[in-house]
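Here are some notes for a colleague who is opening this structure for the first time. Please read them with the model in view.

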Amino acid sequence: MEQVLYGIDYIEYYFYWIYYKFIGYPLIIRICSIAVMFCIIAYLFLLLHIIYGIFNRKKEKRRYQKAYDKYYEDMLSISLDSSTISEEEIADRLKYDTKKRPKPNELRIITQLLTEIKTAHENEINEVNYHSIQTVFQITRFLEHELQFGAKRAKIQALKIIQSINGYASEAVLVRFLYHRKIELRNSARYTYMWLSQGNPFRFFDEDISMKLRQWDMMELHAILEHRRKVGYNTPSFIKWVNTSAEENVKIFFINEIRLYNETESAPTLAKQINARSVEIRSEAIKTLGKLKYKEVEPKLIEMYNVQPEEVKRQIITAIADLKTDKALGFLYNAYDDADNWGTKRVILKALYDYSAMGRKTFEQLERKADSHTAILFAHTKHPLINQLILNSATL
């Protein structure tokens, strides 16, 4: 009489049946079968993940649209209203029940709407009303909760939101992340601290001379500096970090900021960087000294010109053209005669053409002596439209 199997005995029987059946095949067939089985399982997991992602995105879009329809237009009109509106009136206009707080997902969408309003109407916003909206929704409480209890990604997102909506988080909450071992979280916390702090926001550059900055980090730092200038904070002196930083790209970033903020008082100290080993640092320092009109550096630039690589030579010529001391015409003339690089020759001719009336005469004198090969350089210098046409054709 055949035995009827139930439950675990049934599963165990067929497991051993498949196992003993399988080991009878050649090794290569077994390996291929296992590989195919794993690929099928991985494909099924991937398919489920994609289906879940599509479903989740659609769900998020519906949530966003619901919040947008419910709040956006009223939030925009309140933010652009020139008169100050009380928090009670804001809650009434938004039809918001202050006793029933929105869920975290809805609050994230509300911060997104606030960011969109800030981005689109930055110069028209009534900051008092804009921050009152945040108070009504208790955005600060939500962001601080995310910073304290959220996952790493949620923490970084909360820090970005604080900057994008010009929000607030207490220093006691931020301080625990300022020296976090995860560099992304640490840098995000420091940038937010710089955005908010009124005391010594840039102390991290004094404490961490090897602070590494990516291109995106530099863009964020510049945005922070611009924000602080708009709200009336003093712009720091960048020259000390040019001297102390161990990272080349950080030095270059601060040299650029010296030029952008026209920190002329930093010029004498910055002049020491024209002897830097790095060609990039040397070039940026020379360019900045020219823009700062630091005329005292011109003799040194002329002296060092002949032993520099072409990139640095061009920056020296450009800096001398910016200084316009009217003492460098002879140098520019000789530099053109000695130059064997067409890019450098073009920079010299442009410097002569824009230098002064005497510079223009020197340019014309060189043009009369030009042969058929170099005549095109003079044409390009006198007619910027030719340069633009060349650039457009190169782009195409």
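Is R229 buried, partly exposed or exposed, judged by its relative accessibility?

1. R229 counts as partly exposed because its relative accessibility is 44%, where buried means under 20% relative accessible area, exposed means over 50%, and partly exposed lies in between (1.4 Å probe, protein chains only). The side chain of R229 meets that of E226 in a salt bridge, at 3.1 Å from N to O; a salt bridge here is a side-chain nitrogen of Lys or Arg within 4 Å of a carboxyl oxygen of Asp or Glu. E226, with a relative accessible area of 23%, is partly exposed. Both R229 and E226 belong to helix α11 (residues 215–230), where they sit three residues apart, about one turn of the helix; helices are DSSP runs of H or I with at least four residues, numbered from the N terminus.

2. This is a predicted model, in which local features need pLDDT of at least 70 and side-chain atom pairs count only at pLDDT 80 or more, while totals for chains, interfaces and linings use all residues. Residues are numbered from 1 along each chain as its sequence is written, and side-chain values use heavy atoms, with hydrogens and water left out.

3. The count of salt bridges comes to 13, and one of them joins K291 to D322, with the closest N and O atoms 3.7 Å apart. That pair links distant parts of the chain, since K291 is in helix α15 (residues 279–291) and D322 is in helix α17, 31 residues apart. K291 is partly exposed at 42% relative accessible area, whereas D322 is buried at 15%. Another salt bridge connects E127 with K118, whose closest N and O atoms are 2.7 Å apart; here E127 is partly exposed, at 30%, and K118 is buried, at 10%.

4. Surface patches deserve a separate look, and they are made of residues with over 30% relative accessible area and no salt bridge, like charges being joined within 9 Å and nonpolar side chains (Val, Leu, Ile, Met, Phe, Trp, Tyr) within 5 Å. Accessible areas come from the Shrake-Rupley method with a 1.4 Å probe, and for residues only the protein chains shown count as cover. I8, Y10, I11, Y13, Y14, W17 and I18 make a nonpolar patch of about 790 Å². Within this group, Y10 lies in helix α1 (residues 7–22) and is partly exposed, with a relative accessible area of 44%.

5. Which residue pairs sit inside, and what do they touch? I161, found in helix α7, counts as buried at 12% relative accessibility. Leaving aside neighbours within four places in sequence, I161 is in contact (heavy atoms within 4.5 Å) with T111, L143 and N166.

6. N166 is found in the loop between α7 (152–164) and α8 (171–174), where it has a positive phi of about 55° although it is not a glycine; at 17% relative accessibility, N166 counts as buried. D326, likewise not a glycine, has a positive phi of about 65° and is found in the loop between α17 (310–323) and α18 (329–338). D326 is exposed, however, with a relative accessible area of 51%.

Definitions and conventions
Helices (H or I, at least four residues) and strands (E, at least two) are DSSP runs, numbered from the N terminus.
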